[in-house]
Amino acid sequence: MSSEVAARRDAKKLVRSPSGLRMVPEHRAFGSPFGLEEPPWVPDKECPRCMQCDAKFDFITRKHHCRRCGKCFCDRCCSQKVPLRRMCFVDPVRQCAECALVSHKEAEFYDKQLKVLLSGATFLVTFGNSEKSETMVCRLSNNQRYLFLDGDSHHEIEIAHISTVQILTEGFPPGGNARATGMFLQYTVPGIVGVTQLKLMAVEDTNASRRPAAAWLAAMHKAAKLLYESRDQ
């Protein structure tokens, strides 16, 4: 990939919307597949009362729109200002209690799992039905749109084209859950008919540890859930 193309993929611009300042991709086609579009606000004339507690709006009880769902609420039901990174807001924005809870949970992905995906981990990779496997480092691109696999060869898989993510596990440690050992992916490739498959199995890194690979698999599992939610929006 040329440096010019990479720069275009990662370029961002600051825009102002009715909900606040957003740092969005310079080119819409390079937006994160985990992102959410801003919802249309329920028109003021259609919500004379709070859509949570049914309080009537007047000069004292003001109405507020939740930046995540777009519904109308009173200040008591929509008082929290929470980061909403999936919509690229620069600052925390006003959200209703239900949406704020979801955004708080998603913050863990951006604070922890996303960093793990960007750092990458080492896997034994098998493409399709090939009997040959290759040791590769798999990581998420900076703009979150691609999986990069680097070893003796280089491959890029567009996140938006992934249709299936299945975590492979083994064992049931006492008091714990099954241990993630690999991942099975199915995805489409432009210009190729049918679905392509890929299998990643955790291997030891340069420190003789499989923990980075296990952490990467757990982070990818969370990312897949967000990806499916974005598609259902």
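How many bridges join β11 to strand β12? The answer is given in the third legend.

**Figure 1. Overview of the predicted model.** This is a predicted model, in which local features need pLDDT of at least 70 and side-chain atom pairs count only at pLDDT 80 or more, while totals for chains, interfaces and linings use all residues. Residues are numbered from 1 along each chain as its sequence is written, and side-chain values use heavy atoms, with hydrogens and water left out. The protein contains 3 helices and 13 strands (DSSP runs of H or I with at least four residues, and of E with at least two, numbered from the N terminus). Of its 233 residues, 38% are buried (under 20% relative accessible area, 1.4 Å probe, protein chains only).

**Figure 2. The open sheet of 7 strands.** The strand order is β10-β9-β8-β7-β13-β12-β11, with antiparallel pairing (at least two DSSP bridges between two strands). β10 (154–158) and β11 (162–170) stand at the edges with a single partner strand each, so one side of each has no neighbour in the sheet. On average, neighbouring strands are turned by 30° against each other, direction ignored.

**Figure 3. Pairing of β11 with β12.** β11 and β12 (residues 179–187) run antiparallel and are joined by 8 bridges. Thr164 stands opposite Gln186 in β12.

**Figure 4. Helix α2 on the sheet strands.** Helix α2 (residues 97–119) lies across β7 (121–127) and β8 (134–140). The helix runs at about 140° to β8 (axes are lines fitted to C-alpha atoms, for helices over the stretch in contact, meaning heavy atoms within 4.5 Å; angles run from 0 to 180 degrees between N-to-C directions).

Terms used:
Buried means under 20% relative accessible area, exposed over 50%, partly exposed in between (1.4 Å probe, protein chains only).
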